[in-house]
Amino acid sequence: MGFRVGVDIGGTFIDFCLWNEDTAELHSLKVLTTPATPGAELLRGLEILEERHGAAPAQITSFVHGTTVGINTVIQRKGARLAMLATAGFEDVVELARLRMPEAYSLFSRRGAPLVSRDCVFGLRGRILSDGTEEMPLDEESVARAARAARAKGVDGIVVSLLNAYRNPAHEERAAEIARREAPELFVFRSTEVWPVIREYERTTTALINGYVHPKVRDYLDNLIGGLKARGVPAEPLITKSNGGVMSAALGKRNCVSMVLSGTASGVIGAAFLARQARQDRVITLDIGGTSADVALIIGGQPQFGLGEKIGDLPLYIPTVSVTSIGDGGGSIAWVDEFGVLKVGPESAGSDPGPACYGRGGTRPTITDAFTVCGFLGQHELAYGALRPDAALAKAAIDTVAAPMGLSTEAAAEAIIRIAISGMFVEVNKLVARSGVDPRDFALLPFGGAGPMLGCFLARELGVRRVMVPARPGVVSALGGLVADIRNDFIRTLFATAEPAEGPSIAREAAALERQGLAWLREEQRFDGPAIASWFADMRYRGQSFEIEVALPDAAVRAGDTAAIAEAFHAAHEAIYDFADRESPAQIVNLRLVMAGSPPRPAMQAPPRGEGEATPERMLRAYFDDAWHEVPLYRRAALGTGQRFAAPCVVAQDDTTACIPPGFQASVDEMGNIILDAAE
């Protein structure tokens with residue numbers, strides 16, 4: 001008998017999903033994080049799983065871990081202090097970006113501050129041309145001077161990103177060697193080892209994010225690997241990646257950017273798995289933990305992928321599950337600015353001290369405190385009995401913002417909730433607008449510790465007519481690790497035209513990518529199951545400035561069938577823009593291979609069937625829509641499939657609390673999901 005463990009660590013809780021391979025039973029758990037002693041919460045969780053479910057460490061055959069360490073580091077701007085070595089004359093590449101404002105029609109629009117300050121950017125003499133030839137040798141003394149200057153600035157690490165390095169990385173490689181020699185205590189990353197593609201700004205910002213999160217990710221993974229070994233777990237830990245796959249934790253210590261969206265991506269993968277089981281084809285996922293709220297689309301039962309996803313106000317140019325993240329989590333702190341305006345986030349109380357109502361020393365008001373003051377929390381324990389919110393402590397915290405604004409405690413609490421919902425409303429609308437879809441055609445799937453708490457309020461504002469609350473919403477991201485593929489992306493910049501003369505070279509590049517992908521899957525990941533290769537290309541008409549991603553037929557890529565490749569591009573262009581010019585040559589800028597392997601997945605077991613209308617445990621007072629109301633409290637464990645009940649109400653369970661305002665009719669489906677349909 002063996003056990004597979006999926007783990008997700010957030011800003012406040014670490015979540016566990018345990019699958020018993022022998023009995024097919026699925027168990028879950030939440031444990032408070034311990035920032036002062038990283039890894040201690042993981043070991044404690046494993047102890048509890050052994051005590052409650054007999055999962056001895058020696059019997060753990062697979063350990064898959066998703067983490068929000070990377071994304072929380074970026075959102076809260078608490079990463080490494082970096083220096084950057086750039087080609088002389090191009091030191092301002094990060095400051096200039098692409099001269100675009102995030103919101104072109106807003107008078108208040110601002111680009112986020114770069115992850116490296118301008119005084120820590122140093123120019124190197126030497127030039128590689130766009131065809132990969134060397135115009136000017138690298139001035140090695142300029143590299144040594146820059147490395148010494150970076151060290152004098154007190155930085156933690158250096159990122160080397162040089163012009164046209166994607167064509168020829170020789171200058172970057174030599175500069176990195178010299179930087180390591182001159183400043184051996186600093187970590188050094190090259191842009192071409194992180195993501196070797198054309199476009200200097202995109203390549204540079206991706207490398208900077210990798211360096212920015214590296215120390216925290218490295219330290220966390222070292223503790224993870226060491227803690228599992230000390231506990232006697234034989235399975236090599238795997239980490240969920242931003243692209244929805246998994247990789248070994250050892251690789252993640254340097255390939256940090258691939259796991260920046262680790263926790264958020266595994267949440268979407270887990271949500272897509274649950275949505276398919278519930279036969280929900282079009283879903284907006286809402287993952288709210290202690291620090292952030294993450295929104296994604298599932299169409300046709302599959303997550304959406306893309307390039308250029310934003311983390312807070314920073315773009316990430318690697319293939320990722322398309323997730324939009326903002327600093328609105330259950331632990332996000334409410335505050336009043338110098339103009340007397342109430343704000344929420346992005347700073348989070350985390351788990352230490354946590355929201356004030358947790359009684360762990362926190363005094364600043366959070367979204368969780370607001371729900372406690374409004375009566376939704378505080379009548380029952382949270383996180384599998386680890387916490388019981390204290391309404392008096394929550395009230396004292398909310399009063400610190402209520403008094404300056406002249407509001408009652410409950411009015412200030414509801415204002416905090418409304419501000420959080422408005423921030424999510426804006427981001428969801430941006431996401432659906434980019435995708436050209438109507439949110440009213442989708443179901444909302446809230447999960448995470450705070451997702452069901454806020455989800456129905458957001459659905460009401462969006463006009464979404466169906467909400468699906470999973471059976472274990474608090475641990476969906478941990479479940480995502482159990483159902484994720486082993487997956488990696490491999491890319492080449494080609495600049496090839498989809499014409500017969502280019503066919504053989506395209507086939508050769510594809511073969512080289514496939515060898516690289518198979519070596520990674522078989523040798524580095526040690527996966528011996530069937531390999532699944534999927535091909536994509538970033539393509540455009542010759543003369544266009546930007547590309548679209550095109551899925552390519554496997555046989556066409558391997559054979560270098562340029563006619564089939566070109567037709568795939570024309571069809572994709574027509575689907576997006578309602579226009580295709582089949583007489584114009586199509587250009588392949590980047591060729592990308594996704595190599596994946598699928599491990600066995602757990603089967604979800606349905607809860608017992610219920611009879612008639614659900615019976616509430618008791619009534620409680622809750623404040624919403626500017627007034628106090630008597631609402632029923634239901635226990636999730638007492639709800640059987642087929643049972644129905646009406647809103648407003650509160651549904652309490654071990655891993656989260658669902659707060660359901662008026663306007664919904666609830667039923668429990670055959671998989672134990674609560675389906676909330678807008679009342680007619």
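Is aspartate 578 buried or exposed? Keep that one in mind, and I'll come back to it.

Okay, some ground rules. What you see is a predicted model, where local features need pLDDT of at least 70 and side-chain atom pairs count only at pLDDT 80 or more, while totals for chains, interfaces and linings use all residues. Residues are numbered from 1 along each chain as its sequence is written, and side-chain values use heavy atoms, with hydrogens and water left out.

Let's start with the whole thing. The protein has 17 helices and 35 strands; these are DSSP runs numbered from the N terminus, with helices being H or I of at least four residues and strands being E of at least two. The radius of gyration is 26 Å, close to the 26 Å that the globule rule gives for 680 residues, so the protein is as compact as a globular protein of that length. That radius is taken over C-alpha atoms, and the rule is 2.2 Å times the number of residues to the power 0.38. Along the principal axes, the C-alpha trace spans about 75 × 55 × 55 Å.

Now, the inside. Of the 680 residues, 59% count as buried. Buried means under 20% relative accessible area, exposed means over 50%, and partly exposed is in between, using a 1.4 Å probe and protein chains only.

The largest nonpolar core has 147 residues, and those with the most contacts inside it are Phe16, Phe63, Ile158, Met539 and Leu552. Helix α7, residues 200–231, gives the most to this core, with 12 residues. There's also a second, separate core of 74 residues, which includes Ile284, Ala370, Ile421 and Cys649. By a nonpolar core I mean a set of buried Ala, Val, Leu, Ile, Met, Phe, Trp, Tyr and Cys residues joined through side-chain atoms within 4.5 Å.

Tryptophan 520 sits in helix α15, residues 503–524, and counts as buried because its relative accessible area is 5%. Which residues does tryptophan 520 contact, leaving aside neighbours within four places in sequence? Among them are Val246, Met247, Leu251, Phe490 and Met595, where contact means heavy atoms within 4.5 Å. Phenylalanine 490 is 30 residues away along the chain, and the two C-alpha atoms are separated by 9.9 Å.

The other one is serine 62, in strand β4, residues 60–67. Serine 62 is buried too, at a relative accessible area of 15%. Not counting residues up to four places away in sequence, serine 62 touches Phe3, Arg4, Val5 and Ala235.

A cis peptide bond joins glycine 345 and proline 346, with omega about 0°, and proline 346 is in strand β22, residues 342–348. Another cis bond joins alanine 647 and proline 648, with omega about 5°. Proline 648 is in the loop between β31 (644–646) and β32 (649–652).

And back to my opening question. Aspartate 578 is in the loop between α17 (562–577) and β28 (586–597), and has a positive phi of about 60° although it is not a glycine. With 70% relative accessibility, aspartate 578 counts as exposed. Aspartate 625 also has a positive phi, about 55°, without being a glycine. You'll find aspartate 625 in the loop between β29 (618–624) and β30 (627–635), and at 33% relative accessible area it is partly exposed.
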